[in-house]
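This report walks through one protein model, looking at some of its aromatic side chains and then at a pocket. Please keep the sequence and the structure at hand while reading.

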Amino acid sequence: MTSNHGKVETDVEIKAPATKFHEMLTHRPHHISNVSPNNVQGCDLHEGEWGTVGSVVYWNYFHDGKAKVAKELIEAIDAEKNLITFKVIEGDLLEHYKSFKITIQATPKAHGQGSIVHCTMEYEKHHGDIEDPHTLLQFVVDVSKDLDAHLTSAQA
């Protein structure tokens, strides 16, 4: 019997400092639609405060050629590690997955400027015929690159 639990992950190299990337994702996700408008159309706060564990954010995004939504609970934030974990609690992803978590961590490069953004998606599929979310991982890569371009141009 195959397990419907899965995990996909990837790294993205960015030029921006890890702290600035994390700060944008944690405290200013509602600005991401200005920076990556082809991917993210909006991010609204539904409960709590920006950048606090237990808060709920609502994303409008465009993925695989379709407009989609996701309501996510901020499950963990570690400012020292520049890490944030979102747990999907409503939206399009839950049509295919019983559970879905996204963890994004930015780490300063050991040598030179810039950072490595590590994205992990952990999930449980409703059934084995559902594909692993590789296109969603690529979506996070694309948004990360857009954020990086914005953060590095703002420094110039």
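In this predicted model, W59 has a relative accessibility of 10% and counts as buried, because the cut-off for that class is under 20%. F86, at 4% relative accessibility, counts as buried too. These two residues form an aromatic pair of the edge-to-face kind, and since W59 lies in strand 3 while F86 lies in strand 5 (residues 83–91), the pair ties together parts that are 27 residues apart in sequence.

Y97 is buried at 5% relative accessibility, and Y123 is buried at 4%. Together with F100, Y97 and Y123 make up one aromatic cluster.

| Pair | Centre to centre | Angle between the planes |
|---|---|---|
| W59 and F86 | 6.2 Å | 85 degrees |

The largest pocket holds about 350 Å³ of space. Its lining consists of 17 residues, of which H63, D64, K68, H96 and Y97 are the closest to the centre of the pocket. Strand 3 (56–63), strand 4 (66–78) and helix 3 (134–155) are the elements that each give two or more residues to this lining, with the largest share, 3 residues, coming from helix 3. By class, the lining has 6 nonpolar, 4 polar and 7 charged residues.

Terms used
Residues are numbered from 1 along each chain as its sequence is written. This is a predicted model: local features need pLDDT of at least 70, side-chain atom pairs count only at pLDDT 80 or more; totals for chains, interfaces and linings use all residues. Side-chain values use heavy atoms; hydrogens and water are left out. On a 1 Å grid over the protein atoms alone, a cavity is a set of points where a 1.4 Å probe fits but cannot get out, and a pocket is an open set with protein on both sides within 12 Å along at least five of seven lines; lining residues have an atom within 4 Å of a point. Grid points are joined across faces, edges and corners, and a volume is the space filled by probe spheres set on the points. Helices (H or I, at least four residues) and strands (E, at least two) are DSSP runs, numbered from the N terminus. Ala, Val, Leu, Ile, Met, Phe, Trp, Tyr, Cys and Pro count as nonpolar, Asp, Glu, Lys and Arg as charged, and the others, Gly among them, as polar. Rings of Phe, Tyr and Trp (its six-membered ring) pair if their centres lie within 6.5 Å; planes under 30 degrees apart count as stacked, over 60 as edge-to-face and the rest as tilted. Buried means under 20% relative accessible area, exposed over 50%, partly exposed in between (1.4 Å probe, protein chains only).
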